[in-house]
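Here is a friendly walk through the model, with the sequence alongside for reference. Keep the viewer open as you read.

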Amino acid sequence: MADEALFLLLHNEMVSGVYKSAEQGEVENGRCITKLENMGFRVGQGLIERFTKDTARFKDELDIMKFICKDFWTTVFKKQIDNLRTNHQGIYVLQDNKFRLLTQMSAGKQYLEHASKYLAFTCGLIRGGLSNLGIKSIVTAEVSSMPA
Amino acid sequence: MSSELFTLTYGALVTQLCKDYENDEDVNKQLDKMGYNIGVRLIEDFLARSNVGRCHDFRETADVIAKVAFKMYLGITPSITNWSPAGDEFSLILENNPLVDFVELPDNHSSLIYSNLLCGVLRGALEMVQMAVEAKFVQDTLKGDGVTEIRMRFIRRIEDNLPAGEE
């Protein structure tokens with residue numbers, strides 16, 4: 001199903017819709033990001049419930065992170081996470097070299113600062129998924145260069 | 001599987017809009033506007049993927065919408081019925097609407113048109129192929145009807161306007 005195009009467009013609309021309804025100002029920017037993240041959170045919770053209905057119990061945190069990187073990411077973005085790093089003390093870095101939601105935007109420095117708006121929803125998605133698997137977390141995102 | 005992602009995201013969006021705007025009418029308008037913006041871009045994606053030629057009349061358009069477009073993006077094939085005698089209005093009947101999986105409308109939102117995004121999408125997409133149409137829901141499973149029905153009305157063909165002074 002060419003569902004992906006539909007989801008991409010909906011996501012972009014959501015981001016611009018949320019920003020349009022807010023007024024200018026630094027404070028508003030943070031609030032919009034929070035709104036988007038919260039939406040992602042609810043969606044993540046629901047999604048993870050559907051996906052893990054039949055999978056076996058996870059052995060440990062690392063197992064859960066691997067699940068997120070492989071199965072969860074594949075179902076949502078049709079590819080796996082390219083790189084997972086951890087310090088074995090609770091910090092995990094997931095690296096995606098070709099993030100689906102950003103590939104449509106031009107490569108280069110121009111839109112780098114706006115990229116964070118598009119990542120808020122996905123951060124919420126991961127946080128929601130983890131929360132329903134029993135892990136409380138904080139998820140932040142960073143874009144070093146488009147479309148990564 | 002990823003249709004659930006879309007359904008859930010849409011649900012989160014509508015919930016957020018209901019919180020932001022106090023009354024259902026505003027939410028409906030906002031959904032329609034967002035749908036319009038999505039539609040004008042979706043049509044390009046659709047034409048690129050599906051390779052259909054130009055439609056010669058409204059009936060062909062209706063067929064393409066139901067059998068190709070809906071199938072491609074939502075995985076359902078609505079049926080086309082209720083053609084008006086003049087051939088400018090028809091109904092799309094959706095047996096099941098993927099947007100409303102897992103959804104229930106609470107009582108205090110009875111005038112909310114949950115799937116109004118679809119109307120906007122149809123309107124925006126068709127405007128990009130030079131057709132001004134009106135789309136609205138006349139039946140909705142969320143409100144207790146048996147099926148979901150969208151009434152499409154052809155208003156006029158849009159001519160390209162040349163800027164004044166250039167003939």
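## An aromatic cluster in chain B

Phe58(B) is buried, with a relative accessible area of 9%. This comes from a predicted model, as does everything else below. The centres of the rings of Phe58(B) and Phe154(B) are 5.1 Å apart and their planes are at 50°, so the pair is tilted. Phe58(B) belongs to helix H3 (residues 58–74) of chain B and Phe154(B) to strand S4 (residues 148–157) of chain B, so the pair ties together parts that are 96 residues apart in sequence. Ring pairs also bring in Trp83(B) and Phe90(B), giving a cluster with Phe58(B) and Phe154(B).

## Elsewhere on helix H3 of chain B

Thr61(B) is also found in helix H3 of chain B. Thr61(B) is buried, with a relative accessible area of 4%. A polar atom of its side chain lies 2.9 Å from the backbone oxygen of Asp57(B). Leaving aside residues up to four places away in sequence, Thr61(B) touches Cys55(B), Leu126(B) and Met131(B).

A salt bridge joins Asp63(B) and Lys67(B), with the closest N and O atoms 3.1 Å apart. These two residues both lie in helix H3 of chain B, 4 residues apart, or about one turn of the helix. Asp63(B) is partly exposed, with a relative accessible area of 35%, while Lys67(B) counts as exposed at 51% relative accessibility. In another part of the salt-bridge picture, Glu134(B), Lys136(B) and Arg153(B) are joined into one network by salt bridges that share partners.

## Inside chain A

Across the whole structure, a search finds 9 aromatic pairs over all chains. In one of them, the rings of Phe7(A) and Phe121(A) have centres 6.2 Å apart and planes at 50°, so this pair is tilted. Phe7(A) sits in helix H1 of chain A and Phe121(A) in helix H4 (residues 115–132) of chain A, so the pair ties together parts that are 114 residues apart in sequence. Both Phe7(A) and Phe121(A) are buried.

At 15% relative accessibility, Glu37(A) counts as buried.

## Where the two chains meet

The contact takes in 24 residues of chain A and 28 residues of chain B. About 2600 Å² is buried between the two chains, 73% of it on carbon and sulfur atoms. On the chain A side, Leu6(A), Leu10(A) and Glu13(A) lose the most area to chain B, together 23% of what that side buries.

The interface of chain A and chain B holds 2 salt bridges. Lys35(A) pairs with Asp20(B), the closest N and O atoms being 3.5 Å apart. Arg41(B) and Glu13(A) also meet in a salt bridge, at 3.5 Å, N to O. Arg41(B) lies in helix H2 (residues 24–50) of chain B and Glu13(A) in helix H1 of chain A, so the pair joins two chains. Arg41(B) is partly exposed, with a relative accessible area of 46%, whereas Glu13(A) is buried at 5%.

How values were computed
Residues are numbered from 1 along each chain as its sequence is written. Chains are lettered from A and ligands numbered from 1 in the order in which they are written. This is a predicted model: local features need pLDDT of at least 70, side-chain atom pairs count only at pLDDT 80 or more; totals for chains, interfaces and linings use all residues. Side-chain values use heavy atoms; hydrogens and water are left out. Contact means heavy atoms within 4.5 Å. Buried area is the accessible area (1.4 Å probe) that two parts lose on being put together, summed over both. A salt bridge is a side-chain nitrogen of Lys or Arg within 4 Å of a carboxyl oxygen of Asp or Glu. Rings of Phe, Tyr and Trp (its six-membered ring) pair if their centres lie within 6.5 Å; planes under 30 degrees apart count as stacked, over 60 as edge-to-face and the rest as tilted. Buried means under 20% relative accessible area, exposed over 50%, partly exposed in between (1.4 Å probe, protein chains only). A polar contact is a pair of N or O atoms within 3.5 Å; within protein, one must be able to donate a hydrogen and the other to accept it, and residues adjacent in sequence count only if both atoms are side-chain atoms.
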